[in-house]
Amino acid sequence: MSALPTATEPVTLDEAIRFIWTETEILDRLAYREWLPLWTKTGLYVVPIDRDGGDPVEALNIVYDGAEMREARVKRLLSGFSMSSAPPARTARTTSRFVLESAGAGTARVRCAQILIEYKYGRTRTLGADLSYDLRRADDGTLRIERKVVQLLNSDDHLFGIGYLL
Amino acid sequence: MTDAAALPYADLVRDDRIHTALYRDPAIFEAEMDRIFNNTWVWVAHVSDVPDKNTFKTSFVGRHPVIVTRDKAGKLNVLLNRCRHRAASVCERKKGKASVFVCPYHGWSYDTDGRLRKVPHIKGYGGRLETDELSLVSLRVEEYQGMIFATFKQDIEPLVDFLGPAKKWMDLFMKQGAGFGVKTLGEHKFRFPGNWKIQLENTTDAYHFPVVHKTFLDSLDDETEDVFDVLGQGGWVEDLGNGHSVMVMIPDLINLEDNLDAPIPERFADLARELAAEGYPDAQVRRIVRAVGGSGFNLNLFPNVACSMAFFRVLRPIAVDETEITHVAIGMDGGPAAGNRVRMRLHEHFQGPMGFGTPDDAEGWERVQRGVQAGDDLWMMLNRGTDAPEGRAEAGHNAGDVSAETGMRAAYQMWKRMMTA
């Protein structure tokens, strides 16, 4: 087995894909406690409404979470007291069409497509999205999420209550 | 068993309960679209959605798609989004700027006040086309406190008369502009599989808050959690006539220009520091911070809009068992960007498809629609309430305690009045 890469070693597309697959599988399993440590302390999780690529801090979003809000969100979803997430819809998501947009010393920006199927109350629905990840190596060389943007195809149209994480 | 559909509408609404058929019967839904939504003032937009001449926003009056425009003379218009030739929609953008609407099918074009401007190859009509009579169909439109309403009913009473005592609460609500005026900052939109009146009720339902929104409350700091103890602060619900009602949950936050010397809550300390650093004088910092925190009441305006604490809640009936909700975030028009950023973050915290509150509301409403399938001749009970606290509601207004179902009863009496008119 090879040693872990150093913090500045370039991130390959293959490595990024494996990391993203791990993350999405964690989300489908609702293993949100495993999801939180995948982030850097300054990591930003955004589900925007607008599709104009503007800075989400100046816009209304569906989700705009720093570390504190992510933790509060996970606590809520796992509490058992939120009727939309106890239980949530069952989900299965696949990510594909990966593109390595840029890579630097221990960093990478990757985008991909996600198709998510959810099921609850006899109803199956689909959510399509473009995902963008900024990944960064931690000191131990493993990858962390610095920024994840989930641009739903219908983000600026009517959605529905979503009782799980995207 | 009673055949609900055969009951007259008047018998489906009693003083303390409503019949199952009101959520389930497609024939009643059709009648509501005609007798209610085609016959009263319906909210369509906020003035900040159409700030300049030749700006527009698409919206709905009941099930009718409309375009809200500010024409080149600066006047507001609400136009049916339907070409007068062969009915194609003339605008499919949400909002923006346009000096003309061109039908994509045969190229008929309309001015922003709805007038038919040009018909391609008009010679083909042999001079018989009455262009003066083929404007986009125009609804009656009036506004109060920046909220724009439209109606198909040309001879309806003026908007201000329809709103009546609700106007006072709209005046108070708009103090969230902190002296800069109010503008819309964006919106969350979602649908739930349930009847529109379930949502109408919810805006005047403090009773559900600690139950459904426990996880929202748990996510707040202790000080803010006390602010959101909506049942424990001596609030009340007041019938304002015409189906409108106000539910005051946080009496301290009725008038945002009062108590400006109170200590600034911890959660707004950073914002206060940022505003002070930008040079805002202390008095103005306090006014802005208090406005950013939002109002302490929900004003329900029958039939489709509410001024709900810090946003507009708009409902749109789609079918008897399908409703679309829009939560419009609002903030200061021209005020400090830092304040509006905090407003948006607060809105995202509770509202929208992934907020800490909305998904649980939506699930609850869906559960009502699922539950109401059980039993054909049962009733939904609206008889909750004790006396309103002394001296709070306006004399002569019907009122109850904060978790009274007074506002729902008021809305259903208006429903009954309109459905049996």
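**Close-up views of a predicted two-chain model**

Chain B exposes about 17,000 Å², and carbon and sulfur atoms supply 49% of that area. Accessible areas here come from the Shrake-Rupley method with a 1.4 Å probe, and for residues only the protein chains shown count as cover. This is a predicted model, in which local features need pLDDT of at least 70 and side-chain atom pairs count only at pLDDT 80 or more, while totals for chains, interfaces and linings use all residues. Residues are numbered from 1 along each chain as its sequence is written, chains are lettered from A and ligands numbered from 1 in the order in which they are written, and side-chain values use heavy atoms, with hydrogens and water left out.

**View 1. Chain B as a whole.** Chain B holds 14 helices and 21 strands; helices (H or I, at least four residues) and strands (E, at least two) are DSSP runs, numbered from the N terminus. The C-alpha trace of chain B spans about 75 × 70 × 40 Å along its principal axes. For 421 residues a compact globule would have a radius of gyration near 22 Å, and the 23 Å of chain B agrees with this. That radius is taken over C-alpha atoms, and the globule rule is 2.2 Å times the number of residues to the power 0.38. Of the 421 residues in chain B, 54% are buried, where buried means under 20% relative accessible area, exposed over 50%, and partly exposed in between (1.4 Å probe, protein chains only). Among contacts in chain B with a separation of 6 or more, 66% are between residues 24 or more positions apart; a contact means heavy atoms within 4.5 Å.

**View 2. Chain A as a whole.** Three helices and six strands make up the secondary structure of chain A, and along the sequence they follow the pattern α-α-β-β-α-β-β-β-β. The radius of gyration of chain A is 16 Å, close to the 15 Å from the globule rule for 166 residues, so chain A is as compact as a globular protein of that length. Its C-alpha trace spans about 45 × 35 × 30 Å along the principal axes, and 49% of the 166 residues of chain A count as buried. Chain A exposes about 7,900 Å², of which carbon and sulfur atoms supply 55%.

View 3. Side chains of opposite charge can pair when their charged atoms come close. A:Asp134 belongs to strand S5 (residues 123–137) and A:Arg109 to strand S4 (residues 107–120), so the pair ties together parts of chain A that are 25 residues apart in sequence. A:Asp134 is buried at 15% relative accessibility, whereas A:Arg109 is partly exposed at 34%. Elsewhere in chain A, a network of salt bridges links A:Glu25, A:Arg29 and A:Glu34.

**View 4. Two salt bridges in chain B.** B:Arg341 and B:Glu274 form a salt bridge whose closest N and O atoms are 3.4 Å apart. This pair links distant parts of the chain, with B:Arg341 in helix H12 (residues 337–350) and B:Glu274 in helix H10 (residues 269–277), 67 residues apart. B:Arg341 is partly exposed at 22%, and B:Glu274 is partly exposed at 35%. In the other pair, B:Arg115 bridges to B:Asp113 with closest N and O atoms 2.7 Å apart; B:Asp113 is partly exposed at 24% relative accessibility.

View 5. Most residues other than glycine have a negative phi, and most peptide bonds are trans. A cis bond joins A:Ala86 and A:Pro87, with omega about 0°, and A:Pro87 lies in the loop between helix H3 (67–78) and strand S3 (90–104) of chain A. The bond from B:Phe302 to B:Pro303 is also cis, and B:Pro303 sits in the loop between strand S16 (297–301) and strand S17 (305–308) of chain B. B:Ala178 has a positive phi near 55° and is buried at 3% relative accessibility. B:Asn242, with a positive phi of about 55°, lies in the loop between strand S14 (236–241) and strand S15 (244–248) of chain B and is buried at 16%.

Terms used: Salt bridge = Lys/Arg side-chain N within 4 Å of Asp/Glu carboxyl O.
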